[in-house]
Amino acid sequence: MGQKINPLGFRLGATQDHHSIWFAQPQNYSDGLQEDQKIRDCIKNYVQKNIKISSGVEGIACIEIQKRIDLIQVIIYMGFPKSLIEGRPRRIEELQMDVQKELNCVNRKLNIAVTRITNPYGHPNILAEFIAGQLKNRVSFRKAMKKAIELTEQAGTKGIQVQIAGRIDGKEIARVEWIREGRVPLQTIRAKIDYCSYTVRTIYGVLGIKIWIFVDEEE
């Protein structure tokens, strides 16, 4: 009973690819993993500190890392890349310098590229950031969920499920609330499902947001 699996890990090799592509010997694997985490944290911190975002959504959908012997290629998939590029054209170079300082990589070159996503609100990470922003501004959780579902429907997805857990609306007892629209076939491996779990810190405590989006089904 209750043996749950991450929808992305469940579909690896079928409809889902790894977000980090590199090879390491077993004794160096943990170092490579920590390096990936440092790169992702550094990029997210830079975006939070340096970019004033009106909607409260940073718009980072996914950070893909490809490592070779002499090169680390980082691709940032963003829903609203103008916020990063506009204003100061040297922002990407600044970001590269920051990440290089954090990693202290001498023998390898670092290259960062930004790719725009066509339907930002069709991606669970951006949607979770939107809901988190609404909850921080004391918007009712039901209103935030329904608005998120409306935005996803405009992006042309086949189904979505949103779940919020914790002390919702500051109630004493923590509970789980969820809402589903359309089809979300979690047991079907060939169904391409995007998933994310996101933590939001409110004045009442920590809430957890989980989003499943059914994008497409492969024949």
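At what angle do helix α5 and helix α6 pack, and how far apart are their axes? I get about 150° for α5 (residues 124-136) against α6 (residues 141-154), with the axes 9 Å apart.

Conventions first. This is a predicted model, where local features need pLDDT of at least 70, side-chain atom pairs count only at pLDDT 80 or more, and totals for chains, interfaces and linings use all residues. Residues are numbered from 1 along each chain as its sequence is written, and side-chain values use heavy atoms, with hydrogens and water left out. Helices are DSSP runs (H or I, at least four residues), numbered from the N terminus. Axes are lines fitted to C-alpha atoms over the stretch in contact, and angles run from 0 to 180 degrees between N-to-C directions.

**Entry 1: α5 and α6.** The pair is therefore roughly antiparallel (angles over 145 degrees). I looked up the contact residues (heavy atoms within 4.5 Å). From α5 come Leu 127, Phe 130, Ile 131, Gln 134 and Leu 135; from α6 come Phe 141, Ala 144, Lys 147, Ala 148, Leu 151 and Thr 152. By class I list 8 nonpolar, 2 polar and 1 charged.

**Entry 2: α2 and α4.** Helix α2 (residues 29-50) packs on helix α4 (residues 91-103) at about 140°, axes 10 Å apart. That makes α2 oblique to α4 (the class left once under 35, 65 to 115 and over 145 degrees are taken). On the α2 side I noted Glu 35, Lys 38, Ile 39, Cys 42, Ile 43, Tyr 46 and Asn 50. They meet Arg 91, Glu 94, Leu 95, Asp 98, Val 99, Glu 102 and Leu 103 of α4. This contact has 7 nonpolar, 1 polar and 6 charged residues.

**Entry 3: the domains.** I find domain 1 (20-116) and domain 2 (120-214), with bounds from an automatic or database domain assignment. Their C-alpha centres lie 25 Å apart. Domain 1 gives 9 residues to the contact and domain 2 gives 7. Together they bury about 660 Å², 61% of it on carbon and sulfur atoms (accessible area lost, 1.4 Å probe, summed over both parts). In domain 1, Val 57, Ala 61 and Phe 80 lose the most area to domain 2, together 58% of what that side buries.

Key. Helices (H or I, at least four residues) and strands (E, at least two) are DSSP runs, numbered from the N terminus. Ala, Val, Leu, Ile, Met, Phe, Trp, Tyr, Cys and Pro count as nonpolar, Asp, Glu, Lys and Arg as charged, and the others, Gly among them, as polar. Buried area is the accessible area (1.4 Å probe) that two parts lose on being put together, summed over both.
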